[in-house]
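Please look at the sequence and the three-dimensional model shown here, and follow the report below with both of them in view.

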Amino acid sequence: MVELPAGSFVMGSVEGDPEARSDEQPRRKISISKPFSMSAYEITVGQFREFVKATGYVTEAEASGEGGWKASRASSYGEHNPDFNWANPGYSASDSYPVTMVTYADAMSFCNSEDAYRQEYSAFPSGPSTGTMRVIRGGCFMDLNSFLRSSRRGFLEPRKALNTQGFRVVEGELSLPASDLKT
């Protein structure tokens, strides 16, 4: 875990950016009033495997029988297969690789399992109480340059399990402004 101090930053793309999307505007200042910690690296397949063994947890992709999506440049999501899940993402993944094919609920179950990740902070910006999408940040091995921008606001249905999305752990409750949740 890396300690991140309280402070503020400007969210959104700079004025006149030719690659800016409409959902990257308007720019606004976000203040974080208390320090928080975030994992320095994505949660790995090995860490997730330990969690599954210790708790007997079954991911949404496995329990639903729907499986997940393996990315492909040939279509928007790629190949869907009911056999794709965190342990079988459609390619060989060692224990040191970031875990993928997990949903928002799967990540939350992982975080809520070595009470170490439970800590209340009431002064962080609060997000919306409703909505159907979750914000995703960062990039993956096959993204175009336009997806690798810090101002990029990606979004995904919380029940989607993709091999291009992993997660990190954050201690404390961090929420983004309501405009970052797609409805």
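Asp95 forms a salt bridge with Arg49, and the closest N and O atoms of this pair are 3.0 Å apart. Asp95 lies in the loop between β6 (79-81) and α3, whereas Arg49 lies in helix α1, so the pair ties together parts that are 46 residues apart in sequence. The term salt bridge is used here for a side-chain nitrogen of Lys or Arg within 4 Å of a carboxyl oxygen of Asp or Glu. Side chains of opposite charge can pair when their charged atoms come close. The structure is a predicted model, in which local features need pLDDT of at least 70 and side-chain atom pairs count only at pLDDT 80 or more, while totals for chains, interfaces and linings use all residues. Residues are numbered from 1 along each chain as its sequence is written, and side-chain values use heavy atoms, with hydrogens and water left out.

How many salt bridges does the structure hold? There are two salt bridges, and Arg21 forms one with Asp23, where the closest N and O atoms are again given as 3.0 Å apart.

| Residue | Relative accessibility | Class |
|---|---|---|
| Arg21 | 30% | partly exposed |
| Asp23 | 13% | buried |
| Asp95 | 41% | partly exposed |
| Arg49 | 26% | partly exposed |

Helix α1, which holds Arg49, covers residues 45-55, and Val45, Gly46, Phe48, Phe51 and Val52 in this helix are buried. An α-helix has 3.6 residues a turn, so residues three or four places apart point the same way. The buried residues of α1 pack against α3 (104-111), and in the contact between the two helices (heavy atoms within 4.5 Å) Gln47, Phe48 and Phe51 of α1 meet Asp106, Ser109 and Phe110 of α3. The axes of α1 and α3 are 11 Å apart and the helices pack at an angle of about 75°, so they are roughly perpendicular to each other, a description that applies to angles from 65 to 115 degrees. Just after α1, Gly56 takes a positive phi of about 75°.

Helix α2 comprises residues 60-64 and includes Glu60, which is buried with a relative accessible area of 19%. Leaving aside neighbours within four places in sequence, Glu60 is in contact with Thr103, Ala105, Asp106, Pro158 and Arg159. Pro158, in turn, lies in the loop between β8 (154-156) and β9 (170-171), and beyond its neighbours within four places in sequence, its contacts include Glu60, Thr103, Tyr104 and Thr132. The C-alpha atoms of Pro158 and Thr132 are separated by 7.4 Å, although the two residues are 26 residues apart along the chain.

Turning to the whole protein, there are three helices and nine strands, which are DSSP runs (helices H or I of at least four residues, strands E of at least two) numbered from the N terminus. The elements run β-β-β-β-α-α-β-β-α-β-β-β from the N terminus on. Of the 183 residues, 35% count as buried.

How values were computed: Buried means under 20% relative accessible area, exposed over 50%, partly exposed in between (1.4 Å probe, protein chains only). Axes are lines fitted to C-alpha atoms, for helices over the stretch in contact, and angles run from 0 to 180 degrees between N-to-C directions. Angles under 35 degrees count as roughly parallel, over 145 as roughly antiparallel, 65 to 115 as roughly perpendicular and the rest as oblique.
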